Amino acid sequence: MIYYGKQSIDEADIQAVEAVLRSDFLTQGPAVERFERVVANYCGAKHAVAVTNATSALHIACLAAGLGEGDFLWTSPVTFVASANCAFYCGASVDFVDIDEKTYNMSAAALEEKLRQAKKENKLPKVVVPVHLAGQSCDMKRIRELAEEYGFTVLEDASHAVGADYLGTKVGSCAFSDMAVFSFHPVKIITTGEGGMVLTNNEALYEKLVLYRSHGITRDPKKMTHEPDGPWYYQQIALGFNYRMTDIQAALGASQMTRLDEFVARRRELAARYDELLRDLPLKTPRVMEGTKPSWHIYIVRVDFSHVRKTKKQIFEEMRAQGFALNLHYIPVHTQPYYKAMGFRQGDFPASEKYYEEAFTLPLYVGLTDEEQEKAVEALKKVLTAF
């Protein structure tokens with residue numbers, strides 16, 4: 001069975017993890033700091049904070065931004081639920097901004113219109129979370145301009161976009177945002193098994209992120225209420241969490257970073273091949289916004305059902321029968337029962353709902369061979385054109 005995504009682990013990765021297992025540190029040792037430094041330097045950001053996963057990264061980033069009761073977080077409906085759920089962890093409320101019909105990312109035009117209306121109603125967001133779907137950056141320049149006009153924090157959900165480029169910068173540089181979040185889940189561009197990271201150029205935000213990652217505890221005398229009782233002393237000065245990445249994970253991540261450019265180059269090659277191989281099928285292939293170079297975590301197509309006499313479910317089932325397990329990224333968050341119970345309804349975000357009706361994700365990962373990709377396209381052609 002060929003799946004939509006798969007990690008790539010080599011002998012160097014295994015040796016890096018083994019070295020940690022033979023060392024004095026298994027968690028929160030030198031490997032974590034080294035991994036943070038490698039990612040920050042690669043992206044061009046001042047600070048990086050490694051955590052257990054991208055969900056915990058989103059959580060502490062929202063806390064660092066001061067999100068709380070009475071505040072709003074806005075994000076895209078076409079994302080994994082974590083991009084929205086992080087607001088509720090902080091006691092805040094959630095709303096959504098519909099997607100651009102070409103890139104499937106948050107529409108900057110829709111965001112601007114929603115902000116105008118929200119200002120009239122005194123319901124402006126405190127945090128906006130643009131999601132870089134499939135590894136393509138949102139229109140961050142325009143979103144940053146709107147942030148300066150309307151006064152919200154920009155938190156990039158760049159879970160898909162490690163290694164991507166935007167307007168001459170690396171995604172994660174925070175050139176157009178306050179913070180950015182990466183995911184290191186096995187199907188992402190690089191992996192730590194499970195893991196995430198927050199990047200920022202803001203010193204105050206960085207200090208909060210570090211604090212919230214580890215129980216709200218500090219050993220810095222400058223932040224304590226009185227002189228330390230001794231070298232063992234620490235103080236809890238905030239309510240934090242145990243979101244610490246292990247040295248085992250970080251060692252794997254740092255090793256994977258040595259191949260990041262190789263990974264992204266192969267993904268871009270496979271995406272370009274899909275563009276060509278799928279040209280004559282009744283599908284819409286991804287559109288790339290000018291100034292962006294996606295890292296292609298996933299490859300999403302949309303079916304033109306006016307030329308296909310099968311349901312989406314039939315397409316999935318028939319492809320699986322031929323050995324290809326497609327996927328879908330994502331079911332619009334506002335249509336989930338948990339969110340419907342809050343008042344969201346079908347029809348609230350029509351571009352996102354139309355996307356869901358037509359979209360699915362094809363196999364794309366570094367180890368996918370040209371032959372396997374061609375077989376996937378042939379299988380898809382058979383499924384789409386057979387009656």
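Biologist: Which helix holds Cys62?
Modeller: This is a predicted model: local features need pLDDT of at least 70, side-chain atom pairs count only at pLDDT 80 or more, and totals for chains, interfaces and linings use all residues. Residues are numbered from 1 along each chain as its sequence is written, and side-chain values use heavy atoms, without hydrogens and water. Helices (H or I, at least four residues) and strands (E, at least two) are DSSP runs, numbered from the N terminus. Cys62 lies within residues 54-64, which is helix H3.

Biologist: Is Cys62 buried or exposed?
Modeller: Buried means under 20% relative accessible area, exposed over 50%, partly exposed in between (1.4 Å probe, protein chains only). The relative accessible area of Cys62 is 0%, so Cys62 is buried.

Biologist: How many residues apart in sequence are Cys62 and Tyr89?
Modeller: In space they are 9.0 Å apart, C-alpha to C-alpha. In sequence, the separation of Cys62 and Tyr89 is 27 residues.

Biologist: In what order do the three strands of the open sheet stand?
Modeller: Two strands pair if DSSP finds at least two bridges between them. The pairing here is antiparallel. E13 (283-284) and E17 (359-362) each have a single partner strand, so they stand at the edges. The order is E13-E15-E17.

Biologist: Which residue in E17 is the bridge partner of Tyr299?
Modeller: Strand E15 covers residues 299-303 and is joined to E17 by four bridges. For Tyr299, the partner in E17 is Leu362.
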